[in-house]
Amino acid sequence: VQLQASGGGLVQAGGSLRLSCVASGRIFAIYNMGWYRQAPGRQRELVADITSGGTTNYADFVKGRFTISRDDVKNTVLLQMNSLKPEDTAVYYCNADIMGTYSGRGYFWGQGTQVTVSS
């Protein structure tokens, strides 16, 4: 099982980006999926997550600007980021709680995608 994140890049303040993360491998079920970020010199922090039932949770600093969604047919979690601010600059990581077909259940991380917001 692995996660592959994409969609980062350089954008001006006020702009938008959409991050995508696809889970692949021998997957039996995917439970919670989420996005975290880590800025230089700071700890990794939760941005948003979504349960298998579609319940979402957002960090206060992104409420009203970011939207998390998932496509269970495609094993994908998306993060639509609008009204981006320079302080959103970080490496963004996807995370998922996955039951593998043969490997048991565990938390998996994507490789990270850089988001840079210029002022």
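Guide: Start with a definition: a charge sits over a ring if NZ of Lys or CZ of Arg is within 6 Å of the ring centre and within 35 degrees of the ring normal. This is a predicted model, where local features need pLDDT of at least 70, side-chain atom pairs count only at pLDDT 80 or more, and totals for chains, interfaces and linings use all residues. Residues are numbered from 1 along each chain as its sequence is written, and side-chain values use heavy atoms, leaving out hydrogens and water.

Visitor: What sits over the ring of Tyr31?

Guide: The charged end of Arg105, 3.7 Å from the ring centre. Arg44 lies over the face of Trp109, at 4.6 Å from the ring centre.

Visitor: Why is the pair of Tyr36 and Trp109 called edge-to-face?

Guide: Rings of Phe, Tyr and Trp (its six-membered ring) pair if their centres lie within 6.5 Å; planes under 30 degrees apart count as stacked, over 60 as edge-to-face and the rest as tilted. The count by this rule is one aromatic pair. Its centres are 5.0 Å apart and its planes at 65 degrees, so Tyr36 and Trp109 are edge-to-face.

Visitor: Why is Arg37 called buried?

Guide: Buried means under 20% relative accessible area, exposed over 50%, partly exposed in between (1.4 Å probe, protein chains only). Arg37 has 6%, so the residue is buried. Tyr36 has 23%, so Tyr36 is partly exposed. Trp109, at 39%, is partly exposed.
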